[in-house]
Amino acid sequence: PQSSGDWGDATTQSLGKRIAQISLGIALMTPFSLRIFVADGDPDGLRIVDKSNWIGKALVFPRALLPQVKARPELAQTGVYLLLGPRPDGEGDMLYVGEGDPIRPRLERHYAEKDFWTRAIGFTTTTAGQLNKAHVQFLESRLMALARAAKRMPLDNANQPTEPSLSEADRADMEVFLGHMLGMLPVLGVHAFEQAPKDPAG
């Protein structure tokens, strides 16, 4: 028989998952605005993107600009990033999802070792220290799982990382953070995480 503690743990886990689902749905359905700052005056150069009512921000830039962009303070923070570029067969793009604590050395390594990517999107926060290693590992794992489920773009990642252990509150916070990311990515031209609508008859 289960002890009262076991039942309590199960109830807490179920409630946590439900809160995360509701929070994610709210983040995806709520109207929002984006502010896109073209940092160097070139629309195809570095763009810094803020979203209304969100603690995060995105840096969008072409691969060729990494030697200049890497000096920015945002890339000295903990965050999650996407690398996008053409597939070897030329049939569309492929995607790499990663995390860094901080982001900068990870991007420098990919600049030296990964040839496929032509643009990057890095997600950090408006104030340093609001994301930790476990937070971005969680975001990385969730993004990879969503991309694989959507089957819109092949992943360059070899493995699916396991989700780190987060408290109920931290997990709910990160699901909301993820929801904001998923809401703004299509506006930035990234549709890799969009799930196909379910068949009502199925």
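The structure described here is a predicted model, in which local features need pLDDT of at least 70 and side-chain atom pairs count only at pLDDT 80 or more, while totals for chains, interfaces and linings use all residues. Residues are numbered from 1 along each chain as its sequence is written, and side-chain values use heavy atoms, with hydrogens and water left out.

The secondary structure of the chain comes to 5 helices and 6 strands, where helices (H or I, at least four residues) and strands (E, at least two) are DSSP runs numbered from the N terminus. From that end on, the elements follow the order α-β-β-β-α-β-β-α-β-α-α. Of the 202 residues of the chain, 42% count as buried, a term that stands for under 20% relative accessible area, whereas exposed stands for over 50% and partly exposed for values in between (1.4 Å probe, protein chains only). Among contacts (heavy atoms within 4.5 Å) in the chain between residues at least 6 apart in sequence, 66% join residues at least 24 apart.

Strand E3 (residues 56-62) is largely enclosed by the rest of the structure, because 6 of its 7 residues are buried. Strands are taken to pair if DSSP finds at least two bridges between them. Strand E2 (residues 47-51) is joined to E3 by 4 bridges, and the two run antiparallel; strand E6 (residues 119-125) is likewise antiparallel to E3, to which 7 bridges join it. Alanine 58 in E3 is the bridge partner of valine 49, and alanine 58 also stands opposite phenylalanine 123 in E6. The hairpin of E2 and E3 has 4 residues between the strands, and in this loop lies asparagine 53, which has a positive phi of about 55 degrees although it is not a glycine. Asparagine 53 is exposed, with a relative accessible area of 77%.

The packing of helices H4 and H5 was examined next. H4 (residues 133-150) and H5 (168-184) pack at an angle of about 50 degrees, with their axes 10 Å apart, the axes being lines fitted to C-alpha atoms, for helices over the stretch in contact, and the angles running from 0 to 180 degrees between N-to-C directions. The two helices are therefore oblique to each other. Among the residues that meet across this pair are His135, Phe138 and Leu139 in H4, and Asp170, Met174 and Phe177 in H5. By class, the contact of H4 with H5 has 9 nonpolar, 1 polar and 4 charged residues, where Ala, Val, Leu, Ile, Met, Phe, Trp, Tyr, Cys and Pro count as nonpolar, Asp, Glu, Lys and Arg as charged, and the others, Gly among them, as polar.

In the loop between H4 and H5 is lysine 151, which is exposed, with a relative accessible area of 73%. Valine 190, in the segment after H5, is buried, with a relative accessible area of 1%.

Terms used. Parallel < 35°, antiparallel > 145°, perpendicular 65-115°, else oblique.
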